[in-house]
Each structure stands twice: as structure tokens, then as C-alpha cells.
Amino acid sequence: MDYFPLFFKLDGRKALLVGGGDVALRKARLLCRAGAQVDLLAEQSLPEVTALCKQSGGQLLVQPWSEAAVNLNEYVLVVAATDDEAVNQELSVLCQQRNLPVNVVDNPELCTVITPAIIDRSPLMIAVASGGQAPVLARKVKSLIETLIPGSYGKLAQFAAGFRDRIKQGVPDMELRRRFWENCLTGDIAEKVLAGNEEQAEQQLLADLAQQKVERGGEVYLVGAGPGDPDLLTFKALRLMQKAEVVLYDRLVTQPILDMVRKDADFIYVGKQRAEHAVPQKRINEMLLEYAQQGKRVLRLKGGDPFIFGRGAEEIELLSEHNVAFQVVPGITAASGCASYAGIPLTHRDFSQSVRFITGHVKDGVLDFRWKEFVEDSQTLVFYMGLTGLAQICSKLIEHGKDAQTPAALVERGTQPDQRVHLGCLENLQQIVEEKEVHAPTLLIIGGVVSLANKLAWYQSSAE
Ligand code: SAH
């Protein structure tokens, strides 16, 4: 994060605007909307700028910029909107010497504060900034958000503000209060406000408050987070990620996905630490139960799909025995994600009529399979957790009659920005991989379909 976002209370405080042209006009409008008293220093200024500053109670200083012209210590914010580089530069330095926030229009290097694009639904305010790096993109995002959030949301925020104190008294417990608000702001009450029917909305809110209508029960959301690219989350996953109060996650869940979970949730890491001490499965199951029984909404966030080599069933069995509510949200499993992003169709009329998902986890140094079943030609084999056992998998398949030239791919960090795809065949894949520094997680795909990767690969990773 290059900038710390915050909202600045300017109401009744003094700001200095230097410059009186079109750019200054934009800034003057904003400063005045925020209630600032704006002093204007400019040799010449547009009549509208002058009028705005006058209305705000500010002084008009019709003169060229000089340090002696103003007492900078009087201001809480300075905005330089001149086209004179030297003036902008000098103002920036003087302000920085005083730790006075300064914004130099269209010159991020001279700024200590920047102004974002805003979506104003006062008192609800949404700001979008790109740190001056991509203003056009920021404006594009702003217009997208504009279309998503009806103008009437301002009304909703005002309505909510009017009941803050009463709800605070009526529902003193913070967690329950937050739920009460969520119900109000996403359900019927909000719909009524948005439809302009504030009276009915108020009646319902007061009735709900009198009855203390708050969902109290805990619940567990067992959610598949997919293979790493946050765009591959489902809408349902995202919605529950925004609702959860406690999150238990493991190693496969990537940071960009964690960033999409509600910020004030408690995050608990239960995956393997560097020293390989994972929280034991039994303990994870118990933790889910304990938090839910405390009335919390618990998100169990797992890589890929929770029901594919994810021990998802074990985690909800205990909940089911204790009658704790839960939901399971499927995710894109590594096989689908890696195959798509490597350009390998898992089935294809000419190569493969079925797919097997196999765990390649090596127990006590051996892989115990009915290998004969795997050597049929018309199938695709996908090994999860197959890196350690790679050499063994390939040689066993050859030993049981699979062609040594069968195409094979190891997809490393599939769907992630640094995805790498190592292509070879049963005979040489181990050697190809040994020559590279490979990072977990990796997925092994074997079968004729792998030969299509050369033609169908489309994903531009930063690692290749
Ligand atoms: N429930 C998960 C699988 C968990 S087992 C799912 O449905 O995807 C963990 C294994 O999944 C890893 O050892 C690796 O083989 C595979 N895996 C998960 N994410 C992956 C990724 N982004 N790239 C490659 N393999 C991945």
C-alpha cells in the first residue's frame, strides 16, 4: 500500500488554494462541499472560483505567490493548482517542512496527500485511488461503482444514522448489534428505504428492535477457495467470506483471496507451519464446533474444492453430530483450474473418455495402488500431492504397461501469477523437474490430452 487512505474533516477549517483556473475550480468545489473555509491566492481567477471561496468565508488574495503573502501555519491543508512548476515545487517544500498536508494537482511527486475519485452518497462516501499511477483506471472503477450503488444509498445511510443511538442502546452486544444492522441494511427494511417508504421502514425497524430480532445461532461455512486465482471464487463463496466472523484457513489459500475476507474477522491459520507442525485435524474439527457453539459465523476456507482431497467431510461430521448448522460451497478443484490454465483439456474425444483424480501422497515411502487400472489409454490421470512420489508414479505406470512416451505435465502453482507448466513424458518428466526449482503446490497430469498443451496454452504467467 503506497498511501494510507483516510477521510479528512475540513468542516469549518482553513484551507489554502493557490491558483484560480479550471483545475483550481474543481478543487474549490470539492473543498467547499466539505465545508472548508478556503483562502484563494491567485493573480487572476475565474469568477466561479472567487465566488466559491468567498461563500466559504475565505479571503481573496489577488497577488502572485510569495512566501510572505500568507501564513502557512494557519492552514490544515494546502492545494497548489497553478501551472507554474517553480511555485508548485516551492509550496510543496514549504508545506512538507511544516508537516502540513499538501496536494499539488497532477503532480503526485510533490504531494503528501492525494485526492481520490469519489462516489458521493453522503454520508456514505466511497473513494477510489491509484496513487496517481493510473487515474484513468481509477475513474473507470469509479464509474463502475457508480452504476452498482444507487443514488438512494445516501438516503439509506442517513436513515441508518438516525437510529444509531437507539440501536446501540437496544442491542448492547457488539456482535449482535452488527448482525442487527446487517439484517436492516440488506433486507426488507433497506428495500423500503430505497423505495422511498421510510415510514414503513421505521415501523419495521422499531418492531424488530423491540423484539430483539437478531439471528443468534452460529454456523459453519465450509468454502472452497479454488486453486489460487481470486477471480475463480464463486459468488456464494465471496458472500459468505464477507459475512464470517472467524476464519480458519490453510496453506493453499492465497493472500489475494484472504484479502477478500471481511477485514475485521479473526484469522486463524491452521495449515502446516514451516516446521511442518500442522494443527491436528481433530483439533480443527473441534475448533469449528467450539466457535459455532459460541454463536459465531465460522468460515472454513480451503484450497480448491473442500470435498476433493480436502477432508471436508471429516470437518462437518462433528458439526452434524452436534446439530450445528453448516453449508458447503464447492470450489474449483486444482485439476480443473490447473488443466484450464495450462491448456490441457481433461477429456477430449480423441484422447480420453474419463478422468481419475488420485492422491499421490506417499505413505511410508510407498504408493499402494491397483496400477493395472491406471494403464488404460483412454483416460486422463490427475495426481494431487504427487511431487514427492513423481518418480515412483512414472516408473510404476511404465512397469505396468503404460507407454513410456505418454505425455505428462507438472503444473506448478496453477492459476497463480507465477504458474509454471513442465511438459514431458513418463520417461523424462522427473528429470525435467529435477533441473528446475519447483515450488508447491504442484499437480501431475498424465495422458494423451497433455500433448494439446503446446497448442492450447493461453495463460500468460509472470514466471515464463
Ligand atoms: N481440495 C484441494 C486439494 C487439496 S490436496 C482441491 O480441490 O484442489 C493439495 C494438493 O492439491 C496439492 O498437493 C496439489 O497437488 C494440489 N493443488 C492445489 N492447488 C494447486 C495449485 N494451485 N496448483 C497446483 N496444484 C495444486
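I count a salt bridge when a side-chain nitrogen of Lys or Arg lies within 4 Å of a carboxyl oxygen of Asp or Glu. By that rule I found 0 salt bridges between domain 3 and domain 4. The model I am working from is predicted.

Entry, layout. I looked up the division of the protein and noted domain 1 (14-115), domain 2 (153-210), domain 3 (219-332) and domain 4 (335-456). I then took the pair formed by domain 3 and domain 4, whose C-alpha centres are 28 Å apart.

Entry, interface. The size of an interface is often given as the accessible area lost when the parts come together. For domain 3 and domain 4 I noted a buried area of about 800 Å², with 71% of it from carbon and sulfur atoms. On the domain 3 side, the residues touching domain 4 are 6 nonpolar, 2 polar and 2 charged. I listed 10 residues of domain 3 in contact with 13 residues of domain 4. Polar contacts across this interface come to 3 residue pairs.

Entry, ligand. Which residues come nearest to the ligand? I counted 19 residues around the ligand, and the nearest are Asp 305, Ile 308, Thr 333, Met 385 and Thr 442.

I next checked polar backbone atoms against the ligand. For Thr 442, such an atom is 2.6 Å from a ligand oxygen. For Met 385, a backbone N or O atom is 2.8 Å from an oxygen atom of the ligand. Gly 414 has a polar backbone atom 2.8 Å from a nitrogen atom of the ligand. Last, I noted that the ligand taken alone exposes 540 Å², and that the protein buries 92% of that.

Notes
Residues are numbered from 1 along each chain as its sequence is written. This is a predicted model: local features need pLDDT of at least 70, side-chain atom pairs count only at pLDDT 80 or more; totals for chains, interfaces and linings use all residues. Side-chain values use heavy atoms; hydrogens and water are left out. Domain bounds come from an automatic or database domain assignment. Contact means heavy atoms within 4.5 Å. Buried area is the accessible area (1.4 Å probe) that two parts lose on being put together, summed over both. A polar contact is a pair of N or O atoms within 3.5 Å; within protein, one must be able to donate a hydrogen and the other to accept it, and residues adjacent in sequence count only if both atoms are side-chain atoms. Ala, Val, Leu, Ile, Met, Phe, Trp, Tyr, Cys and Pro count as nonpolar, Asp, Glu, Lys and Arg as charged, and the others, Gly among them, as polar. A residue is near a molecule or strand if one of its heavy atoms lies within 4 Å of it. Accessible areas come from the Shrake-Rupley method with a 1.4 Å probe; for residues, only the protein chains shown count as cover.
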